[in-house]
Amino acid sequence: MNVLVVEDERNLADAICHILQGGGYKAEAAYDGPSGLTAAKSGLYDAMVLDVMLPGMSGFEIAHELRRAGNSIPILMLTARTSTTDKVEGLDAGADDYMTKPFEAPELLARIRALTRRTGDVILDEITFGDLRLDLNTHDLSCEGRAVHLSGKEFEVMRMLMGSNARVVSKQDLLTRVWGMDGEASENSVEAYVSFLRKKLNHLHSKVQITTLRMLGYRLEKLDR
């Protein structure tokens, strides 16, 4: 399970990631508001730890924007503020839980476990779009009884596209989130993996297609056929 940590104090952000990794989670950090919002919208994460005071955009604003856009990622709000008013503001903005600094590692892990046990709109083991189902544990992409296994990069690209809920995902976002700091990766890498995925969608006889929007990026569309 992947957890996004949005915290501008780098030492604390890295420490939180270390705690989460020790608890069996995969964890990555963003260090300012705008990059945290972009990462949260990517569809790559199953939960997020979100600080309130961030450069560029507050945690309250990030939570509100995610919920306004229909993004239901579980949010643990993290702050040094202890007043009831601040907690109410965070929960009203869309956070699912609220934890104050300083905290102990067992409490953080317990709260993340509680968040990821949520039911309802949050699906922790799979993502669906149209007639497609992506298993987040096995990396299998299935459609009406047929299934194919995705390679690591194919899985991450498809996860971003399905998690965006038909919104456009730019090549640069795919490159940054999937390939990271790989100096040999380029937009050609993105194009190649999109081509691989299109072939697998054809193999599955899916009514979902990956559409290219010139100068913008890619999005999934449901076909009537």
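Just after helix α3 (residues 59-68), Gly 70 takes a positive phi of about 85°. The model is a predicted one, in which local features need pLDDT of at least 70, side-chain atom pairs count only at pLDDT 80 or more, and totals for chains, interfaces and linings use all residues. Residues are numbered from 1 along each chain as its sequence is written, and side-chain values use heavy atoms, with hydrogens and water left out. Helices (H or I, at least four residues) and strands (E, at least two) are DSSP runs, numbered from the N terminus.

The buried residues of α3 are Gly 59, Phe 60, Ile 62, Ala 63, Glu 65 and Leu 66. Buried means under 20% relative accessible area, exposed over 50%, and partly exposed in between (1.4 Å probe, protein chains only). Helix α2 (residues 33-40) packs on α3 at an angle of about 30°, with the axes 10 Å apart. Axes are lines fitted to C-alpha atoms, for helices over the stretch in contact, and angles run from 0 to 180 degrees between N-to-C directions. The angle makes α2 roughly parallel to α3. Angles under 35 degrees count as roughly parallel, over 145 as roughly antiparallel, 65 to 115 as roughly perpendicular and the rest as oblique. From α2, Gly 33, Leu 37 and Ala 40 meet Ile 62, Glu 65 and Leu 66 of α3. Contact means heavy atoms within 4.5 Å. By class, the contact of α2 with α3 has 4 nonpolar, 1 polar and 1 charged residues.

Helix α6 (residues 152-163) packs with helix α7 (residues 171-179) at an angle of about 130°, with their axes 10 Å apart. The two helices are therefore oblique to each other. On the α6 side, the contact is made by Lys 153, Glu 156, Val 157 and Met 160. On the α7 side, Asp 173, Leu 174, Arg 177, Val 178 and Trp 179 take part.

Arg 159 also lies in α6. At 4% relative accessibility, Arg 159 counts as buried. A polar atom of its side chain lies 2.8 Å from the backbone oxygen of Leu 44. Not counting residues up to four places away in sequence, Arg 159 touches several residues, including Asn 2, Tyr 45, Asp 46 and Ile 127.

Thr 211 is found in strand β10 (residues 208-213). This residue counts as buried, at 15% relative accessibility. The side chains of Thr 211 and Glu 221 are joined by a polar contact of 3.2 Å. A polar contact is a pair of N or O atoms within 3.5 Å; within protein, one must be able to donate a hydrogen and the other to accept it, and residues adjacent in sequence count only if both atoms are side-chain atoms.

Notes:
Ala, Val, Leu, Ile, Met, Phe, Trp, Tyr, Cys and Pro count as nonpolar, Asp, Glu, Lys and Arg as charged, and the others, Gly among them, as polar.
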